[in-house]
Every structure is written in structure tokens, then in C-alpha cells.
Amino acid sequence: MALARPAIAQARGRVYLTIDTGWGREAEQIAAILRRQDVRATLFVADEPTHTGERSLSDAWAPFWRARVAEGHAFASHTWRHWYLRADPSPGQVRYAQRGGPGVELLDQAGLCAELERPLARLRALAPGARVLPLWRAPGGITTPGALAMARSCGLTHQGWTRNGFLGDELDSTASPNATLLARSLRAIGEGEVLVMHWGVARRRDPYAGVLESLITGLKARGLTFDLLPATGVA
């Protein structure tokens, strides 16, 4: 008597998991889930503070990034300082401001290109062989028309996320518990969605990593497959 084989969901389209740098507290836990589920993601890197006291693109994080390169993940720029693009005060200039801090700069074309290229140069130094895509993501997903045009002149296309792809790991966990976020995502996410999360968020008391594997297996059960972003990005 032949053994019954488990049902395999028919492939119904791709989704794209993207991960921004973040606090890094659950980074190893998230990486283990991705390995276990054979999921590769596109990782947007910036030089941010982490739970270890080291910045995310410091030498201390080099083994982490090298391991992600070896696993086949792709990378893109999330700016160097993770400041916010606020306005286009004049043609060829964009106001770049530190969130919750005093820093403000006006970046011209060369300055914006340098801000976007610096994390990628640092990543290549830490993790030679990294697959880097010609994409970038503004902190908070906040852009200006001028910044988009200037970045295109740097050879980079902006990649945000889709509405249903916002997984909610930045939200307050009391108001938005993991079970609620998971149920919403499993109900709403469909083919072609770009998902966004972080390697941990400092202010979230109930880390989203606790439901990440359930999200992945649930989407797979619906026939969705995970893929890297294409070099042209996803509209």
C-alpha cells in the first residue's frame, strides 16, 4: 500500500521579503528561521545603533553579514546615517534631517550619491562577494521628488513596500499584538507584495520574530513563494 503524500500547494505567485537594519536584537533568530524555511530576502543596510552597543556596519557585525552573503541573500542601500528626507528646498538639493536629533544637512547630487553608496561600500568591505542590487530605500519609506530623481542619477531605484506588505513589527505590541499582525498579513498578502520588517525593533516588547515562521509557512501554504527583488525593483 502506497503511503499518502502530503499535499503541496500549487505555486500562485511570488512575494518579496525585505529586511531593514533595525536594532538587531532578534537578528540571529530571524536568520535561523529564514534558513529553516529556505527563504532568501533582500536586506537594506544602514549604519544604525544595535542592541550590542556596536553599530550595524561595524566590524563586530561582519560575521553576521558574511553569513547572510553565504546563504544567498541580496543587499541594497538604506542610507548611511538613517536620517530622513524632508523637503526639496531648491532644484538639486534635498533636506536630510536626523530623526529626534539636531542634525540637518542639505545634500546635493554628489552628497546624496555618497550617502547612498557608503553603506554598500562598507558592506563589501565587511562581506566580500555580497550581491548588491541597484536599489535603495529611504528611512521610513519617505521620499521627495528631488531625492528620487537624484538617486536615479546615482544609478539607484527607490524600493518601498506594498500596503499589505507592511508587517507591523515597528508598531506598539500592546496595541498591535503579534497574533493580530499575523492574522492580518495572512488574510491580506497576495501575489507580488513587497514585505518589510527589521532585524528587531527596540521599542517592541513582543518581538515580531515570534510569528515570522508562522507567516512564512502560512503564505507558502497558500501557494506563494519567496524570492529576491529583481534588480529593477517592484512597483
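Q: Is Arg68 buried or exposed?
A: This is a predicted model, where local features need pLDDT of at least 70, side-chain atom pairs count only at pLDDT 80 or more, and totals for chains, interfaces and linings use all residues. Residues are numbered from 1 along each chain as its sequence is written, and side-chain values use heavy atoms, without hydrogens and water. Buried means under 20% relative accessible area, exposed over 50% (1.4 Å probe, protein chains only). Arg68 has 2% relative accessibility, so Arg68 counts as buried.

Q: With which side chain does the side chain of Arg68 make a polar contact?
A: Arg68 lies in helix 2, residues 62–71. A polar contact pairs N or O atoms within 3.5 Å, and within protein one must be able to donate a hydrogen and the other to accept it. At 2.8 Å, the partner is the side chain of Glu71.

Q: What is the volume of the largest cavity?
A: A cavity is a set of points on a 1 Å grid over the protein atoms alone where a 1.4 Å probe fits but cannot get out. Its volume is the space filled by probe spheres set on the points. For the largest cavity, that is about 60 Å³.

Q: How many charged residues are in the lining of the second largest cavity?
A: This cavity has a volume of about 40 Å³. Its lining residues, with an atom within 4 Å of a point, include Thr50, Trp61 and Trp199. Asp, Glu, Lys and Arg count as charged. The lining divides into five nonpolar, five polar and no charged.

Terms used
On a 1 Å grid over the protein atoms alone, a cavity is a set of points where a 1.4 Å probe fits but cannot get out, and a pocket is an open set with protein on both sides within 12 Å along at least five of seven lines; lining residues have an atom within 4 Å of a point. Helices (H or I, at least four residues) and strands (E, at least two) are DSSP runs, numbered from the N terminus.
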